[in-house]
Amino acid sequence: MYHFVTSIRTCYADVDQMGFVYYGNYPKFYEIARTETIRSLGISYKEMEEKGVMMPVVEINLRYKRPAHYDEILSIHTFVKEIPQGPKMTFFHEVYNENGDLLNEGSVTLAFMRSSDHKPCRIPEFLKELLRPHFPFQAK
């Protein structure tokens, strides 16, 4: 399993009238964390696109446990549980506040798509190679 943590400080634009982080911001937080997780593997999402691969979101699931508030530092734990073998990849997320309370958890599934014709494709070999050291027991 690959695990990476991204920190985000909430700002006024993130909160609603109740002073809670607006529920619709969590997918944005997931995207920031997912982008940084990919970067931590050694390639940026922009570089992946330049290599001809895009990753549109095809499914998102979220569970709200507790509210986050203005000016809190949130730790977004992102997990890749396996090297994808087909045309989709799922990222699992857990959002914690500064006290270590679990606020939100969910998953985002993306499809691999060729930039040239917008057709689905399998995980690109360059991404598989970056993931492989983190999954020594997963078959090739």
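**Close-up views of the predicted model**

**Val15 and the residues around it.** Leaving aside neighbours within four places in sequence, Val15 is in contact with Phe20, Val21, Tyr22, His69 and Tyr70. Contact means heavy atoms within 4.5 Å. This is a predicted model, where local features need pLDDT of at least 70 and side-chain atom pairs count only at pLDDT 80 or more, while totals for chains, interfaces and linings use all residues. Residues are numbered from 1 along each chain as its sequence is written, and side-chain values use heavy atoms, with hydrogens and water left out. Val15 sits in the loop between strand 1 (2–9) and helix 1 (26–41). Helices (H or I, at least four residues) and strands (E, at least two) are DSSP runs, numbered from the N terminus. Pro56 is 41 residues from Val15 along the chain, and their C-alpha atoms are separated by 27 Å.

**The largest nonpolar core has 31 residues.** Such a core is a set of buried Ala, Val, Leu, Ile, Met, Phe, Trp, Tyr and Cys residues joined through side-chain atoms within 4.5 Å. Buried means under 20% relative accessible area, exposed means over 50%, and partly exposed lies in between (1.4 Å probe, protein chains only). Which members touch the most other members? They are Met55, Met89, Phe112, Leu127 and Leu131. Two or more residues each come from strand 1, helix 1, strand 4 (73–80), strand 5 (88–96), strand 6 (102–111) and helix 3 (125–131). Helix 1 gives the most, with six residues. In soluble globular proteins, nonpolar side chains tend to be buried together.

**Met55 and its contacts.** Neighbours within four places in sequence are again left aside. Met55 then touches Ile38, Tyr45, Met48, Met89, Phe91, Leu110, Ala111 and Phe112.

**His77 meets His3.** His77 belongs to strand 4. Is His77 buried or exposed? It is buried, because its relative accessible area is 18%. A polar contact of 2.7 Å joins the side chains of His77 and His3. A polar contact is a pair of N or O atoms within 3.5 Å; within protein, one must be able to donate a hydrogen and the other to accept it, and residues adjacent in sequence count only if both atoms are side-chain atoms. Beyond four places in sequence, the contacts of His77 include Phe4, Val5, Phe92 and Tyr96.

**Arg9 pairs with Asp71 in a salt bridge.** A salt bridge is a side-chain nitrogen of Lys or Arg within 4 Å of a carboxyl oxygen of Asp or Glu. The closest N and O atoms of Arg9 and Asp71 are 3.2 Å apart. This pair links distant parts of the chain, 62 residues apart: Arg9 is in strand 1, and Asp71 is in the loop between strand 3 (57–64) and strand 4. Arg9 is partly exposed at 47% relative accessibility. Asp71 is also partly exposed, at 38%.

How many are found in the whole structure? The search finds nine. In one, Asp117 pairs with Arg114, with the closest N and O atoms 3.0 Å apart. In another, Glu129 pairs with Arg132, and the closest N and O atoms are 2.2 Å apart. Glu129 is partly exposed, with a relative accessible area of 40%.
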